[in-house]
Number of protein chains: 2
Amino acid sequence: MEIKHLKSEDIMGMEKIFRSNLINSLSGYKSANLIGTEHEGYSNLAIFNSVVHIGANPPLLGMIQRPHTVERQTLENIRSTGCYTINHLPEQLVENAHYTSAKFERQESEFEHCKIDKQYLDKFPAPFVKDSPVKLGMRLREEVPIESNGTILIVGEIELAEIDESLITEDGQLDLNRAHTVAISGLNRYHLPKEIAAFPYARKEELPDFK
Amino acid sequence: MEIKHLKSEDIMGMEKIFRSNLINSLSGYKSANLIGTEHEGYSNLAIFNSVVHIGANPPLLGMIQRPHTVERQTLENIRSTGCYTINHLPEQLVENAHYTSAKFERQESEFEHCKIDKQYLDKFPAPFVKDSPVKLGMRLREEVPIESNGTILIVGEIELAEIDESLITEDGQLDLNRAHTVAISGLNRYHLPKEIAAFPYARKEELPDFK
């Protein structure tokens, strides 16, 4: 096994796309979600791989926003309306979802161009993805600026959730395997995870005999 | 297919553990990383499921820290030394890694109690996980407070990376399948992902014929 040993200067000296691909792979597997927004009659849908759990009480999720990219329409719509939707990306929509990252104009809806069915729920002011197994209506709680590189952590509270009931296990966790929710690595690789293990709440007095 | 429809008040009315399990499942699949720190001769290792990509130039990763939990030893060590390591969790260490979340005392090293081999690289002042396929030496750049719930986004810069060379693809992305890196869902479910698709950089002029 050859080991690649990189220092800061090696990383900074890489060709730009190569470096972007590498660094985008280093956090490990990422969540795959479609973010739906709407303002002045124009709806937008964007794939995000940075949705992260912030807390359960109140129920908060975060996502990283790069302000100067194609994703900015999402940010502008969230700022205008205070609302957005998070929709798990199921296997069947992987190709459609990937192409929401193309540079569409504001008046061009990704729902239409990428053939993803739109759904409205409970008069919530942002569109959901009809064929997503987990749909969340989010209210913007906080924009947290990250000074190191000018990105923003968008923190939202879950106001509404629509979930296929058969996915909810006895203890409240979701069976994401059954949902066919995918994971992402790097910038363009999509994966279907398969559960290999689940362990009880960890207590020092109950350590197993490790292999 | 039965649909579970939840509003804010339904979520807030749930039994605490059930709610925590559910909300922790809603972001989708999560990265699985072991965070190594050391201060005054005491080394600490903690499993985190919130490492997230922040940016490639400079190379930044973030992670969410709950200050009042068992993980606080990690935060204290990072504050004291300015350094920590991020190590991808490989399949073979899943059980060991899970139990680093038990409440060990400061003088009890998770490396020892959970039988995970420690490694030092380049005099970097934090310990690495020897059997991890992707090892990152991180320098603290920024602590970003999240006011909505008192958590903190810890942002660090990659100063050192040691990666099995055979994992690096031609375009710089890592083959995480080959690394046997795992993903997490909820609080205690571990998964092995399998790549199902990769797509080129998305251009509006090159949309495929969607199914």
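**A close look at one strand and its partners**

Author: Let's start with B:Ile163, which counts as buried because it has 23 C-beta neighbours inside 10 Å, and the cut-off for buried is 20 or more. Keep in mind that this is a predicted model. B:Ile163 is found in strand β11 of chain B. If you skip its neighbours within four places in sequence, B:Ile163 is in contact with A:Lys4, B:Val134 and B:Ile168. Notice that A:Lys4, one of those contacts, carries the chain letter A.

Now follow β11(B), residues 151-164, over to its partner β6(B): the two run antiparallel and are joined by six bridges. One pair to look for is B:Leu61, whose bridge partner in β11(B) is B:Gly156.

β6(B) has another partner too. Strand β5 of chain B, residues 52-56, is joined to β6(B) by four bridges, again antiparallel. β5(B) and β6(B) make a hairpin, with two residues between them. Around there you'll find B:Ala56, whose bridge partner in β6(B) is B:Pro59.

So how covered is β6(B), residues 59-65? Seven of its seven residues are buried.

As a rule, nonpolar side chains in soluble globular proteins tend to be buried together. Take A:Leu89 as an example: leaving out residues up to four places away in sequence, A:Leu89 touches A:Ala32, A:Asn33, A:Leu34, A:Ile47, A:Val94, A:Ala97, A:Thr181 and A:Val182.

Chain A has six helices and 13 strands. Its radius of gyration is 19 Å, close to the 17 Å the globule rule gives for 211 residues, so chain A is as compact as a globular protein of that length. Of those 211 residues in chain A, 53% are buried. And among the chain A contacts with a separation of 6 or more, 62% come from residues 24 or more positions apart.

Key:
Residues are numbered from 1 along each chain as its sequence is written. Chains are lettered from A and ligands numbered from 1 in the order in which they are written. This is a predicted model: local features need pLDDT of at least 70, side-chain atom pairs count only at pLDDT 80 or more; totals for chains, interfaces and linings use all residues. Two residues are in contact if their C-beta atoms, placed from the backbone, lie within 7 Å. A residue is buried if 20 or more other C-beta atoms lie within 10 Å of its own, exposed if 12 or fewer, and partly exposed in between; C-beta atoms are placed from the backbone. Two strands pair if DSSP finds at least two bridges between them. The radius of gyration is taken over C-alpha atoms; the globule rule is 2.2 Å times the number of residues to the power 0.38.
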